[in-house]
Amino acid sequence: MTRSFLSAGLMALAIGGIGLETGFCQVKPLISDVFTADPSAHVFNGKIYIYPSHDIEANVPQDDEGGHFNMRDYHVYSMDAIGGKVTDHGVALDLKDIPWAGRQLWAPDAAFKNGTYYLYFPVKDKEDVFRIGVATSQSPAGPFKAEPKPIPGSYSIDPAVFTDTDGQGYMYFGGIWGGQLQRWHSGKYDKSLSTDLGKGHEREPALSAKVAKMSGDMLSFAEAPRDVQILDEHGKPLLGGDHDRRFFEGAWLHKYNGKYYFSYSTGDTHLLCYAESNSPYGPFTYKGVIMKPVEGWTTHHSIIEFKGKWYIFYHDTEISGKTHLRNVKVRELVRSADGKIQTITP
Ligand code: FUB
């Protein structure tokens, strides 16, 4: 349950290495008694809360759609300090308590508004279509109670809810391949469409993550989801064949010095990248790689500010060596004076 997370001396060197690529820092898993992944971190009431996926060995054979990621509940974790004790608050939400859910509780996120905490989660419904649900609690640690239906108009995976400085919430979501985003091409779910990487569409604009403004009660979308467009250095949309830069899954949004930073995983090329905009809706301009590939197929992260420093939470497969049994980690995110994020080599 409790781990200190790094080899302090080495990490201090890495943190001090502004302007250099970090690559020599040994970061330990934050949690080692269960497998955890996709960590969405937030600061609530002066503490860090982590909302990860809870990986289990469900003995489902690996398939192309991620059937082996067959998770059944969520735990919430908290920390008073980076490097301090990690507290497991127990089961925050169980699949059996979500009336509309079928299988596969994937990467969640959380938000707070007007005294209520919200847990957002993707799960396949009883027709095996990913939808995004929401559950509420009076405590950031849960337990959370799921709403009886998924968020109307929601689909695909990996919700990330960003609350702007004016209090307005936005949900970023979507994931290609196992996340089913390709099947929503027409606005309706089309099972006959392949979920692969869009062969034959390499020269077309890449599939986008989605963003929607949240309603005042944070339980629904206030508008139809829009595309999160990512442009290259010439102002042209990234193409489907640009596998090192285009969006795949695992969206996150943070604000730094008045600018919006959209970050995401490139999936099959295993990078965490980021793009910048003056608006939460984008368009975002591609800026670079935040983290090179970790051990394991998936890579997924969140970024928070805590006590004046910025941190990236992410996962790898250090403990198990298996792609569906992951462990979360944290390390400092370093920027140069112009806001550029330094690439991390895990
Ligand atoms: O944990 C299941 C899926 O793997 C997540 O939803 C993706 O982001 C990837 O990390």
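Reply: A salt bridge is a side-chain nitrogen of Lys or Arg within 4 Å of a carboxyl oxygen of Asp or Glu. The model here is predicted.

Me: How far apart are the closest N and O atoms of R131 and D125?

Reply: They are 3.5 Å apart, and the pair forms a salt bridge. R131 is partly exposed, at 23% relative accessible area. D125 counts as buried, at 10%.

Me: How many salt bridges does the structure hold?

Reply: There are 15. Among them is R326 with D38, at 3.7 Å from N to O. R326 sits in the loop between β20 (309-316) and β21 (327-332), and D38 in strand β1 (residues 35-44), so this pair ties together parts 288 residues apart in sequence.

Me: Which residues are linked with R326 in a network of salt bridges?

Reply: D38 and D55. The closest N and O atoms of R326 and D55 are 2.7 Å apart. D55 belongs to strand β2 (residues 47-55), so its bridge to the β20-β21 loop joins parts 271 residues apart in sequence.

Me: Are these three buried or exposed?

Reply: Buried. R326 has a relative accessible area of 3%, D38 has 6% and D55 has 1%.

Me: What about the nonpolar side chains?

Reply: In soluble globular proteins, nonpolar side chains tend to be buried together. Here the largest nonpolar core has 41 residues. Y120, M171 and F247 are among those with the most contacts inside it. Strand β11 (residues 169-173) gives the largest share, four residues. A second, separate core has 26 residues, including W106 and F121.

Me: Which residues does Y120 contact, leaving aside neighbours within four places in sequence?

Reply: They include P108, V134, I151, M171 and M218.

Technical notes
Residues are numbered from 1 along each chain as its sequence is written. This is a predicted model: local features need pLDDT of at least 70, side-chain atom pairs count only at pLDDT 80 or more; totals for chains, interfaces and linings use all residues. Side-chain values use heavy atoms; hydrogens and water are left out. A nonpolar core is a set of buried Ala, Val, Leu, Ile, Met, Phe, Trp, Tyr and Cys residues joined through side-chain atoms within 4.5 Å. Buried means under 20% relative accessible area, exposed over 50%, partly exposed in between (1.4 Å probe, protein chains only). Helices (H or I, at least four residues) and strands (E, at least two) are DSSP runs, numbered from the N terminus. Contact means heavy atoms within 4.5 Å.
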